[in-house]
Amino acid sequence: MSDSNVFVASPEAKAQAKKYRMYAILLWAAALILQAITIIKLISDDTLIMMLVAIVAILAIAFFGGRFWKKSNKLDPASEKNPIKFLLQNQLGAIMGVMCFLPMVISIFTSNSISGKTKAIAGTAASVAMTAAGISGAEFDSASIEKYSKEIEEQNKAAQQLNINSGNVFWSKAGNKYHAFDDCQYIKGKAISKGSIKESWEQKGISELCKVCAKKASKSAVTDKAKDLMEAVN
Ligand SMILES: [Zn+2]
């Protein structure tokens, strides 16, 4: 693959990804602090209701942290060339989701100051929350520079077959599509950017051809072929 086909996240996409990573880190920090308070204060006080409230709150905060982290990786993915960094970057959401609960789970089950009933209920709740946070933070469809580069290449080829100029497509900031026609109903009246298919990926992360534009392009591609045939016959 030549260098010109390698995905490079745009400066705007990188900046946005950085912002999302900051949000994720702040949320995880808040969840870890809340967990520490729960361990230090609530478990020793044997206050079951407060512990359950804290568990739900931590789960919610960890969930949003994981969401932001995943979003950042879609905009500015890691390279598969460094497998350890690649794995860590993509699965940090799962790791942090577990870390937001594991110390608490251990503390609950090893505590001498809480009743058996509190131990069973809070311990189960914290274990379930840990599993949920881990799974929701896990990335099952990791984006990578290599994967994006390959997809861009394939989409360029597909566009050529539809007579779409892969260097001149349109997209709006929201959504994960690019359009072959600037009068497409989905981008009409919106602020649109213009550039190559590759550039749409580099600014948005995932970017695919809009279905309406694909239909329109395939119709005119067929018409063009028919015209060519007619000319050949005549
Ligand atoms: Zn369209």
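Residues are numbered from 1 along each chain as its sequence is written. Because the model is predicted, local features need pLDDT of at least 70 and side-chain atom pairs count only at pLDDT 80 or more, while totals for chains, interfaces and linings use all residues.

Start with the largest nonpolar core, which has 28 residues. Such a core is a set of buried Ala, Val, Leu, Ile, Met, Phe, Trp, Tyr and Cys residues joined through C-beta atoms within 7 Å. Buried means that 20 or more other C-beta atoms lie within 10 Å of a residue's own, with C-beta atoms placed from the backbone. Among the residues with the most contacts inside this core are Ile55, Phe101 and Ala126. Helices H1 (11-45), H2 (48-75), H3 (83-99), H4 (102-110) and H5 (116-137) each supply at least two of its residues. A helix here is a DSSP run of H or I, at least four residues, numbered from the N terminus. H2 gives the most, with nine residues.

A second, separate core has 18 residues, including Trp171 and Trp201.

Now take H1 and H4. Their axes, lines fitted to C-alpha atoms over the stretch in contact, come within 9 Å and cross at roughly 15 degrees. Angles under 35 degrees count as roughly parallel, so H1 and H4 are roughly parallel to each other. Contact means C-beta atoms, placed from the backbone, within 7 Å. H1 brings Gln35, Thr38, Ile39 and Ile43 to the contact, and H4 brings Pro103, Met104, Ser107 and Ile108.

Key. Buried ≥ 20, exposed ≤ 12 C-beta atoms within 10 Å, placed from the backbone. Axes fitted to C-alpha atoms, helices over the stretch in contact; angles between N-to-C directions. Parallel < 35°, antiparallel > 145°, perpendicular 65-115°, else oblique. Contact = placed C-beta atoms within 7 Å.
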